[in-house]
Amino acid sequence: MAADLVDWDLATRAGRRLARPGPALERAEADRIVAQLRTLADDAEGHVVDYTKLIPPSGAAGFAPVAVVDRSEWIRANVAGLRAMTAPLLGKLEGQSGSSGKVSRAAGRRVSGVQVGGLLAYLSSKVLGQYEVFGAGSDGAGLPAGGRLLLVAPNIAEIERRLDVPPRDFRLWVCLHEQTHRVQFTAVPWLRGHLESELAAFAEVTELDPTAMAARLRAAIGSARRRESVSLIELLQTPEQRAVLDRLQAIMTLLEGHADQVMDAVGPAVVPSVKTIRDRFERRRDGGSPLDRMVRKLLGLDLKMQQYREGGAFVRAVVERVGVSGFNTVWESPQTLPSRAELAAPEAWLTRVLGLTPAA
């Protein structure tokens, strides 16, 4: 099986062992935070649906539950998600590794497991919430058809303290963003299948020849020293991979930008301190220690910050021109999604998809 190439159980154990502890909370306080997050998540869903006009099919909300989790459960969930997402690629690699010895193969599985666990341990203190599209639920069974929304309670509690903002306002603000992702996937049923097909396409064009990969790594490291704005991950891509990843990045940029725009559109009416929260949170996004910034760059995490801003600018420009209903044309099919070039030039998308002439 493809899963044999990574020791996924070891990844979970390593991630949990390496993860930093969350903020010190009394049990009663932790219970109150969890209860309020569940209530605010329900409130946020109503605000998001009212604004976006994206209506999940009847009963869909029940198939996309909200789970308030700690860092340990977030790691477990993301190991399951990575296992599902990488199955096509690892399946291809599995087919080319039959001649390797059992000892070296077992060692490789363990090394890969520890590497995955270490990465997720680092990320487990950074993530406030996540829409879980792929993976397995806490009982090990597959996720519901609509996925699952995770809210990472200790991280939310820790960041609201660091920012010194009203806890209820910050929690609702986070829920608005994350519930937008939940509504996107429940109201646009083809979206998950489209992501799966793109991941399969990436596996299809991935070159696994060790000599070629080593040559690209050497060239990428040299280029990374000269190009500050490009991540090592980007530089390692082949042209064929880049074409697929451009499409995937365009989708993720749209999803993240849409969630950011919804937060800003809905926030002022329901989050009294939204301006303070936004200002302080933006400074936090851009900050961090030099080591933290270097790690984010190497992992390509800075691209996510770019996604919020570039995607948000695209959505705001389109909504300003044609309103929310006009923007929702983007959800009609994969063909109406913006390309990476169109994200930077909303007028090009408006012309291609809606037939509008550029604004004067």
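These legends go with several close-up views of a predicted model.

Figure 1. Start here to get your bearings before zooming in. The chain has 360 residues, and buried residues make up 48% of them. Now think about which parts of the chain meet. Among contacts between residues at least 6 apart in sequence, 80% join residues at least 24 apart.

**Figure 2. Leu176 sits in helix α7, which covers residues 167–187.** Is Leu176 buried or exposed? Its relative accessible area is 0%, and the cut-off for buried is under 20%, so Leu176 counts as buried. Look around Leu176 and you will find its contacts: Ala44, His47, Val48, Met263, Val266, Gly267, Val270 and Val271, leaving aside residues up to four places away in sequence. Leu176 and Gly46 are 130 residues apart in sequence, and their C-alpha atoms are 9.5 Å apart in space.

**Figure 3. Helix α8 runs from residue 190 to residue 205.** At 1.5 Å a residue, the 16 residues of α8 should span 22 Å, and the end C-alpha atoms are 23 Å apart, so the two values agree. Which residues of α8 are buried? They are Leu191, His194, Leu195, Glu198, Leu199, Phe202 and Ala203.

**Figure 4. Glu198 is a residue of helix α8.** Let us stay with this helix for a closer look at one side chain. Glu198 has a relative accessible area of 7%, which is under the 20% cut-off, so it is buried. Beyond residues up to four places away in sequence, Glu198 touches Val244, Arg247 and Leu248.

**Figure 5. The largest nonpolar core brings together 61 residues.** Within this core, Phe170, Phe327 and Trp331 have the most contacts. Helix α11 (residues 239–270) gives the largest share of the core, 10 residues. A second, separate core has 19 residues, including Leu5, Ala19, Leu90 and Leu150. Phe170 touches Leu128, Ile156, Ile159, Glu160, Leu163, Val165, Ile277 and Phe281, not counting residues up to four places away in sequence.

**Figure 6. One cavity of 30 Å³ or more is found in the structure.** Rolling a probe the size of a water molecule over the atoms shows where empty space is left. The largest cavity holds about 30 Å³ of space. Its lining is made up of Tyr51, Thr52, His258, Gln261, Val315, Val319, Val324, Phe327 and Asn328. Two or more of the lining residues come from each of α2 (27–52), α11 and α14 (302–327). Which element gives the largest share of this lining? That is α14, with four residues. By class, the lining of the largest cavity has five nonpolar residues, four polar ones and no charged ones.

**Figure 7. The second largest pocket has a volume of about 330 Å³.** This pocket is lined by 18 residues, and those nearest its centre are Val69, Asp70, Arg71, Ala153 and Pro154. The elements giving two or more residues to the lining are α2, β1 (66–69), α3 (71–85) and α6 (153–163). How many residues of each class line the second largest pocket? There are 11 nonpolar, two polar and five charged residues.

Notes
Residues numbered from 1 in each chain as written. Predicted model: local features only at pLDDT ≥ 70, side-chain atom pairs only at ≥ 80, totals over all residues. Heavy atoms only, no water. Buried < 20%, exposed > 50% of the residue type's maximum accessible area, 1.4 Å probe, protein only. Contact = heavy atoms within 4.5 Å. Expected span 1.5 Å × (residues − 1). Core = buried A, V, L, I, M, F, W, Y, C linked by side-chain atoms within 4.5 Å. 1 Å grid on protein atoms, 1.4 Å probe; cavity = no way out; pocket = protein on both sides within 12 Å on 5 of 7 lines; lining within 4 Å. Points joined across faces, edges and corners; volume = space filled by probe spheres on them. Nonpolar A, V, L, I, M, F, W, Y, C, P; charged D, E, K, R; others polar.
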